[in-house]
Amino acid sequence: MDEEVVGKAVLAATMVFAGVALVWTARATASGRLGRNPIAGVRTAVTMADDEAWLTAHQAARTPTEVAGWCAVVFGVAAALVPGMPLAASIAGIGAVVMLVLVLVGARRGVRAVKAGVDEHPSPEHGG
């Protein structure tokens, strides 16, 4: 197999995997299925303070974090489909930046929600 094809496949698979992991994490943390932990989620002093703060932050952060994940998937697929490794790498790089910005927006939204004592996006099981 051609080195370029393998490179593009690895690049695309990495982006798609990261995107799927982000979507799953956003949903699991916002629903309470994935509680406070040292590995995944918005982990700041404010969000790690207690379980209620964790849940509030992740419910508020869910939408931009999920969008970040779906963007990573789309950019990953696009990277696989374009001709040439330089273009694929550029697309993946842009996708990574978009993903990072959206994750940071979600984290900021989550921290603000906890500090305000307000759940910006309550889930149905939590009275929303």
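The model is predicted, so local features need pLDDT of at least 70, side-chain atom pairs count only at pLDDT 80 or more, and totals for chains, interfaces and linings use all residues. Residues are numbered from 1 along each chain as its sequence is written, and side-chain values use heavy atoms, with hydrogens and water left out.

**View 1. Helix α1 and its buried residues.** Helices are DSSP runs of H or I with at least four residues, numbered from the N terminus. Helix α1 has 29 residues. From first C-alpha to last, α1 reaches 42 Å, close to the 42 Å expected at 1.5 Å a residue. The expected span is 1.5 Å times one less than the number of residues. Buried means under 20% relative accessible area, with exposed over 50% and partly exposed in between, using a 1.4 Å probe and protein chains only. Among the buried residues of α1 are Lys8, Met15, Gly19, Leu22 and Thr25. Their cover includes α2 and α3.

**View 2. Threonine 25 in helix α1.** Threonine 25 counts as buried because its relative accessible area is 16%. Contact means heavy atoms within 4.5 Å. Leaving aside neighbours within four places in sequence, threonine 25 is in contact with Leu34, Ala40 and Gly41. Glutamate 4 lies 21 residues away along the chain, and its C-alpha is separated from that of threonine 25 by 31 Å.

**View 3. Helices α1 and α2 packed together.** Two packed helices are described by the angle between their axes and the distance between the axes. Axes are lines fitted to C-alpha atoms, for helices over the stretch in contact, and angles run from 0 to 180 degrees between N-to-C directions. Here the angle is about 160 degrees, and the axes are 7 Å apart. So α1 is roughly antiparallel to α2. Angles over 145 degrees count as roughly antiparallel, under 35 as roughly parallel, 65 to 115 as roughly perpendicular and the rest as oblique. The crossing of α1 and α2 is left-handed: the near helix is turned anticlockwise from the far one by less than a right angle. By class, this contact has 18 nonpolar, eight polar and four charged residues. Ala, Val, Leu, Ile, Met, Phe, Trp, Tyr, Cys and Pro count as nonpolar, Asp, Glu, Lys and Arg as charged, and the others, Gly among them, as polar.

**View 4. Alanine 68 in helix α2, residues 51-81.** Alanine 68 is buried, because its relative accessible area is 0%. Not counting residues up to four places away in sequence, alanine 68 touches Leu22, Met99, Leu102 and Val103. Leucine 22 is 46 residues away along the chain, yet the two C-alpha atoms are separated by 7.3 Å.

**View 5. Helices α1 and α3 crossing.** The axes come within 10 Å and cross at roughly 15 degrees. Therefore α1 is roughly parallel to α3. This crossing is left-handed. Contact residues include Leu11, Met15 and Leu22 of α1, and Ala92, Met99 and Val103 of α3. By class, the contact has 11 nonpolar, two polar and two charged residues.

**View 6. Helix α3, residues 85-116.** This helix has 32 residues. Its span from first C-alpha to last is 46 Å, close to the 46 Å expected at 1.5 Å a residue. Buried residues of α3 include Ile91, Gly95, Met99 and Val111. The buried residues of α3 pack against α1 and α2. Glycine 117 follows α3, with a positive phi near 70 degrees.

Methods
Helices (H or I, at least four residues) and strands (E, at least two) are DSSP runs, numbered from the N terminus.
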